Amino acid sequence: MTQFVLGWEEWLSLPELGLPAILAKVDTGAKTSALHAFAIEPFGSADKPMVRFAIHPDPNDPALEIICSAPLKDRREVTSSNGETELRFVIETTIVMGGRSWPLEITLTDRGGMAYRMLLGRGAISDDMIVSPSQSFQQPELSFDSYHGIPRQKRHRRALRLAVLTREPNNYSTRRMIEAAEARGHTMEVIDTTRCYMNIRGVGGEVHYDGRCLPHYDAVIPRIGASITSYGTAVVRQFESLGTYCLARSDGITMSRDKLHAHQILARNKIGMPTTAFARSPKDSAHVIPLVGGAPLVLKLLESTQGKGVVLAETKKAAESVISAFQGLKADFLVQSFVKEAAGEDIRCLVVGGKVVASMRRKGKPDEFRSNLHQGGTAEPVKISKAEREIAVRAAKVMRLDFAGVDLLRSEDGPKVLEVNSSPGLEGIETMSGKDIAGMVMAHIETQVAPRPPRTKAKPATGDKT
Ligand code: ADP
């Protein structure tokens, strides 16, 4: 049998950590192997502890940063060559070198600035291996170039630390998000949005919760209820400024929630919608009715959700009296042309990552023009047209929402967008379509938080080798 010889420096890869090339120093003076990592953070439940860390694999390319996560095996006191004792996280992972692979315990340490990102201790070297300390690269050489140009889909999948911001930890959508995350090996923490508090700073802002500072999450799923939009979006903004990927962006939530703003954005982007007008002063109410083509027309309270503040006025007289009633209550509203041919039906398209992944038709009770399920409507699967698919994708895009429910009306002159929902419910659409929408959302999040090494290599830093 040919002997497996190791020089004093060797290339290796740690595929389970998503590290195709690491230059290691073989150090038989040390027992344990060590990886120089930073931002080391444990996470996960007590029965399945994990650790997350970051590494700059190429000492000369600080722009190349890979985030890794691994099951946490132990915490152990380790004394390094300079005599310092440190309590380190210990992981076990597979090492690949020269066509051989074997399991290896590695401790994580943040000593920064080391030219070798890994030390291979004698514990890593089995009896049939020989170390030749006067030679280097006895095994095939690899290159840091292997970090560049890896297609996103092929990138290493790691366990993610996720959080869902919700006040409803037990509702169907929250439960499904947690299930889908765990089924893919991630951890999901449930955070009550209204219990988050923050210090707002230019650099190093934090989100606190129940007396502790929240850790870094790979991604946050905001499920912000309409009653707490302002505070909820402030929490989301704070996570954004910490660099966390948020499935619904704060500006997208704000825009889509505000019916006036949403209609203006849709119109500006030439997305079809029912003709819409609004006015505030009672003096102008008579003028807005002709702007949308007269009666019949639909009046909507700006605060309306679930169809509760949406009224059909069949005649101009009826419209005028509803308007004066709304104004008497000092309630803001909009006026919209009535799309009669929609016949009490609308189409909910669920968009995930720029694609419609499921759709359903909702139909109101007999004699009801509102199709909301909360108004007693029923849902059934529907096949949507290319135009409907395109408009739904565009509406979600202009609202900057990666995950959205887009409601459409089928009108004589094509699909018209009614609303873009930033926290679409999953129960109806998953039941109707039989699809694992929560799983699709997780797959999308994975693509968004996958490491993105820069396309071009940064200029080598000087004086970095020690
Ligand atoms: P909400 O946000 O309260 O659900 P929507 O704008 O979605 O209010 O309206 C509720 C329902 O009323 C819609 O699902 C649709 O069926 C019906 N509807 C709303 N606007 C119109 C319209 N302009 N023409 C015809 N039907 C409409």
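**Figure 1. Aspartate 367 in the loop between β24 and β25.** In this predicted model, aspartate 367 is found in the loop that lies between β24 (355-363) and β25 (378-381). The backbone of aspartate 367 has a positive phi of about 65°, although this residue is not a glycine. Aspartate 367 counts as exposed because its relative accessibility is 89%, and the limit for that word is over 50%.

**Figure 2. Alanine 343 in the loop between β22 and β23.** The loop shown here lies between β22 and β23 (345-352), and alanine 343 is part of it. Alanine 343 is not a glycine, and yet it has a positive phi of about 50°. With a relative accessibility of 48%, alanine 343 counts as partly exposed, because that class covers what lies between the limits of under 20% for buried and over 50% for exposed.

Figure 3. Proline 296 lies in the loop between α5 (285-291) and β20. The peptide bond that runs from alanine 295 to proline 296 is cis, and its omega is near -5°.

Figure 4. Glutamine 336 places a polar side-chain atom 3.1 Å from a nitrogen atom of the ligand. In the side chain of aspartate 346, an N or O atom is 2.8 Å from an oxygen atom of the ligand. For asparagine 372, a polar side-chain atom likewise lies 2.8 Å from an oxygen atom of the ligand. The ligand taken alone would expose 550 Å², and the protein buries 97% of that area.

Figure 5. Strand β26 (residues 403-411) pairs with β27 in the antiparallel sense, and 7 bridges are found between them.

**Figure 6. Strand β9 and its partners β4 and β8.** Strand β4 (residues 33-36) and strand β9 (residues 100-109) run parallel and are joined by 4 bridges, and in this pairing histidine 36 stands opposite threonine 109. Strand β8 (residues 85-97), by contrast, runs antiparallel to β9 and is joined to it by 9 bridges, with isoleucine 95 opposite tryptophan 102. In the hairpin that β8 and β9 form, 2 residues lie between the strands, and glycine 98 takes a positive phi near 50°.

**Figure 7. Threonine 109 in strand β9.** Threonine 109 has its place in strand β9. Threonine 109 counts as buried because its relative accessibility is 0%, and the limit for buried is under 20%. Threonine 109 and isoleucine 40 are 69 residues apart in sequence, while in space their C-alpha atoms are 8.2 Å apart.

**Figure 8. An open sheet of 4 strands.** The strands of this open sheet follow the order β13-β12-β17-β18, and their pairing is parallel. At the edges are β13 (187-191) and β18 (245-246), each of which pairs on one side only. Strand β12 (residues 161-165) and strand β17 (residues 219-222) pair in the parallel sense over 4 bridges, and within this pairing isoleucine 221 in β17 is the bridge partner of valine 164.

Figure 9. The domain assignment of the protein gives domain 1 (4-147), domain 2 (161-248), domain 3 (275-338) and domain 4 (341-433). Taken over C-alpha atoms, the centres of domain 1 and domain 3 are separated by 67 Å.

How values were computed:
Residues numbered from 1 in each chain as written. Predicted model: local features only at pLDDT ≥ 70, side-chain atom pairs only at ≥ 80, totals over all residues. Heavy atoms only, no water. Domains from an automatic or database assignment. Polar contact = N/O pair within 3.5 Å; in protein donor to acceptor, adjacent residues only side chain to side chain. Areas by Shrake-Rupley, 256 points an atom, 1.4 Å probe, with all protein chains shown as cover. Pairing = 2+ DSSP bridges. Buried < 20%, exposed > 50% of the residue type's maximum accessible area, 1.4 Å probe, protein only.
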